[in-house]
Structure formats: C-alpha cells, structure tokens
Amino acid sequence: MKITATEVNDLRKSTGAGMMDCKKALVEANGDHEKAIEILRKKGQKVAANRAERESTEGVVLLKVNQEKSEGVIISLNCETDFVAKNKDFLNFATEILNIAEYVNSIEDLLNSKIGSLIIAEKLVEQTGIIGEKIEIGNFQKLSGKYIGGYVHAGNKIASLVALSDSLPFSKEVSKNVAMQVAAMNPLALNENSVDSIIVEKETEIIKEQLIKEGRPENIVDKIIVGKLKRFYKDNTLVNQSYIKDSKISVEDYVKSIDKDLSIKSFARVSLV
C-alpha cells in the first residue's frame, strides 16, 4: 500500500526514528501507526542485543537539586560516541530521565519508571534502535541532608553533590565551592574514618613493602607508615585535601572559615572521564 509523507513524518515525530526506517516500518505494518511503532521497538531490541558487548563510555552527566535544597540526584546517560552525546535529542532524553530520577531512590526504581507508555528500561532499548548505539544509564547517585549543593563541569562529563550540616545564607556558595573540589580532585572518602578498611590495609601493605625494599630498619618502619598514611589521607579525603582555591588551607579549614559550626556531611560524584 502507498505510505504518505505525512504518515512517515507523524511516525518520525512519535518515535524519533529515521525517515527511511519509519517508511519501512509503516510498509511492513500496512500503514498501522501503532503496529509500526511496535516494529521499530522490536528493531531496537535487536539492535540493543547486538550492541550489548559494546562500551558506552561517552554520554552526559546531569544533576538536579530540589527546591528545598534537601535532596539532590545525579545520573549519567551513556552512549558510544561523543557525536551522539552532543545531540540535542539525546540531552533532552537524559533530562527526561533526570526529572523522574528526582522521585525515586535507586537505579532499579528508575529503570521501572515510565516515560509515556514505556518503562525507562524499554525506552533505552527503543532509543538504542533509533540511534544505533548502546544507550544505558551508567550511574545514579542520590544525596539528602540539611543543605544540598552541586556542580556540573563544563561539557557535562563530571557532576558532584555536597551535603552541608546546615542551611545558611552562604550555604549555596560554600556547597558549590566544595562540589567543585569534589569534581576536580575526586576524593576517595569524606575523612579518615570513612575510608574503606580494605583500601587502608592495601595502602599500608604497599608502603611496608616499599620501605623493606629500601632497607629501612624494622624498628622505624611502623612510624614511617603512620606518616605516609597521614599523607595518603591528606591527598584522598575531602576534608583534608588542599583547597583548590587556596592551597595553603584544607577544605575543612575553608568551610570553618565561613562558619565555625558548619561542616561537610557527605558527597557524591559521577564522572565519564
């Protein structure tokens, strides 16, 4: 049967698929719009299966903080190429997912939430078919607290959230500055006590082996390890890191200089690089 340009265009608007793909689907569906959508979805599922082993290391990282500044969320929507990542439709799709992510508490809940008539897990498969690249949610991070602030690095490749102990007139500026620190310096943990014990054990083991190879006397090895671990914590824990806007002070010193009772409670960071 003859398929009109209007029918093809309507299907394209509904699905975002290419003109030729839409025409082929409509021909196969004998002009039935809904059946053509299903055909395109099946095509998407086939493409998604074929691309399952591909790496999706490009994409965008977005964040959103609620009006009360009590909760924030970061998601990454991953694809295979920077060309797709910069596409306006891809960014709009990521923003749709982000707006839903605000109201769920896990990536599983997010994947089972609906955009239109499809759950997001199905929508990702559909978009894989339309775009021709593996599309997936790479990360989901949520943070809550007395005051949440965030920062997205230029290019939407890195985003971070910071929770402060109190909502004060200057919390917006402080949280943004600390979130910039998190984005730039990628700390392992908030402070010494929150570093995973496995990481500390591994680091201690590495330091000890190095000292033994250097021929250091056993009676001073433990003291040297303490000093080197202190340096490790300084470099890798947020509150102890040198503040990026003033390397003479720590991040904690910066926060305390604004208000002695203010502190950082937690942070989250998502990166594609």
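Helices here are DSSP runs of H or I with at least four residues, strands are runs of E with at least two, and both are numbered from the N terminus. What you are looking at is a predicted model, in which local features need pLDDT of at least 70 and side-chain atom pairs count only at pLDDT 80 or more, while totals for chains, interfaces and linings use all residues. Residues are numbered from 1 along each chain as its sequence is written, and side-chain values use heavy atoms, with hydrogens and water left out.

Let's step back into α8 itself, which covers residues 171–185. The expected span of a helix is 1.5 Å times one less than its number of residues. For the 15 residues of α8 that gives 21 Å, and the end C-alpha atoms are 21 Å apart, so the two agree. Several α8 residues are buried, among them S171, V174, N177 and A183; buried means under 20% relative accessible area, exposed over 50%, and partly exposed in between, using a 1.4 Å probe and protein chains only. The cover over these buried residues includes β6 (147–152), β7 (158–164), β8 (242–243), α11 (251–258) and β10 (264–271).

Three of those strands belong together. They form an open sheet with the order β6-β7-β10 and antiparallel pairing, where two strands pair if DSSP finds at least two bridges between them. β6 and β10 are the edge strands, each pairing on one side only. Between β6 and β7 there are 6 bridges, and I148 has A163 in β7 as its bridge partner. Helix α8 lies across β6, β7 and β10, running at about 135° to β7. For such angles, axes are lines fitted to C-alpha atoms (for helices, over the stretch in contact), and the angles run from 0 to 180 degrees between N-to-C directions.

Now find the other open sheet, whose 3 strands have the order β1-β2-β5, again with antiparallel pairing. Because β1 and β5 stand at its edges with a single partner strand each, one side of each is left without a neighbour in the sheet. Neighbouring strands of this sheet are turned by 10° against each other on average, direction ignored. β1 and β2 are joined by 8 bridges, and L63 finds its bridge partner, I74, in β2. Helix α5 packs on the sheet, touching β1, β2 and β5, and its direction makes about 145° with that of β2.

What lies inside? In soluble globular proteins, nonpolar side chains tend to be buried together. A nonpolar core is a set of buried Ala, Val, Leu, Ile, Met, Phe, Trp, Tyr and Cys residues joined through side-chain atoms within 4.5 Å. The largest one here has 23 residues, of which I75, L77, I97, L110, I120 and L124 touch the most other members. Helix α5 gives the most to this core, with 7 residues. Leaving aside neighbours within four places in sequence, I97 is in contact (heavy atoms within 4.5 Å) with I75, L77, L110, I115, I120, L124 and I137. A second, separate core of 20 residues includes Y147, V178, A183 and I264.

Finally, a look at the cysteines. C22 is buried, with a relative accessible area of 0%, and C79 is buried at 0% too. A disulfide is counted when a pair of cysteine sulfur atoms is within 2.5 Å, and by this rule the count comes to 0.
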